[in-house]
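My plan is to go pair by pair.

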Amino acid sequence: INRILSTLEKVKNNKENKVFYFSQLVPFFYEKKMYKEISRLSPYIAINKLSSQSLKFIIDTYNKIKNYKAVVDIYINHKEKIKEDLYESVLESTTRDNNLFLSEEIFSKMKNAKAVRSFGMMMTLYSKQEDVDKCISTFSELCRKFPENKSIIPYQIVMITNMTKKEINKGLSIFDKMINEKKIKPDKILYELVIKSCIDNKKSAKGYDYLIMSINDNIKLSKYIYEEVIDLVHESDLDEKEKHLNQLNDLIKISNFSNDKALMNKLRNIVEKDNSVCSLETRTSYYKRKSITH
């Protein structure tokens, strides 16, 4: 690379030679994943004379080494060179650079070039900006454009945005719709996010229902989630809360969580605290014992 740079220095006054050498080297370096070397060659760039392919390699290289500002500068100074096939790569830089104005400008130009990933970039940017409405509207546009989308990432972004801004009802509405449509199954991140929001907002019934769903989906959550939901239900005014707690205990015992002795012991202590009648026995045995005592 030093010998190459030395050679380029010697021909620095000859633009045609610079472009020729660079055009030949960029694809080679990019294929070899020599991204830092491409960056070192950047002072010899003549953007307006580069092929679209070489320009894409340069933009992708800057994204990989997280030099997003360099791509922003290329876009600002050479808009005529940025064609539709480069929009997504440039959008990655402008969104990561938190440049809302340029990101919205590029996204509006994309039209048919908009992909699921592009929507995700804009939603992430709106989430950083804490703009719930724009995040939701972008998510809605994504759902209309890609009704068969199987990616869970947009749901994670829009849910995080809603919960961060305390828009829990909007978030739960989106989550419930996702569950009802049965196209995408919630993962650990989503379950923990919505259940934690239910805990924070004292939504006992919702938190309980989602925890039951996660157990039925065989998804193991962080220990504190189980503990806090049991506390939440136990301290609530829900009808049949004892029945709810025993149902939860039954499911935990027959699921793959029962092998976690530390969790089971912790749950036992919580359920049995204050001499509660709810223990880690089965629901059936509990009601049998209750009927005998009466």
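I began with Arg117, which forms a salt bridge with Glu88; their closest N and O atoms are 3.1 Å apart. By salt bridge I mean a side-chain nitrogen of Lys or Arg within 4 Å of a carboxyl oxygen of Asp or Glu. Arg117 sits in helix H8 (residues 116-128) and Glu88 in helix H6 (residues 87-96), so this pair ties together parts that are 29 residues apart in sequence. Helices here are DSSP runs of H or I with at least four residues, numbered from the N terminus.

A note on what I am reading: this is a predicted model, where local features need pLDDT of at least 70 and side-chain atom pairs count only at pLDDT 80 or more, while totals for chains, interfaces and linings use all residues. Residues are numbered from 1 along each chain as its sequence is written, and side-chain values use heavy atoms, leaving out hydrogens and water.

Next I checked accessibility. I call a residue buried under 20% relative accessible area, exposed over 50% and partly exposed in between (1.4 Å probe, protein chains only). Arg117 is partly exposed at 42%, and Glu88 is partly exposed at 24%.

Then I looked at Glu92, which forms a salt bridge with Arg96, with 3.6 Å between the closest N and O atoms. Glu92 is buried at 14%, whereas Arg96 is partly exposed at 45%.

My last pair was Lys188 and Glu192, whose closest N and O atoms are 2.9 Å apart in their salt bridge. Both lie in helix H12 (residues 188-200), 4 residues apart, about one turn of the helix. Salt bridges with shared partners also join Glu88, Glu92, Arg96 and Arg117 into one network.

Technical notes: Helices (H or I, at least four residues) and strands (E, at least two) are DSSP runs, numbered from the N terminus.
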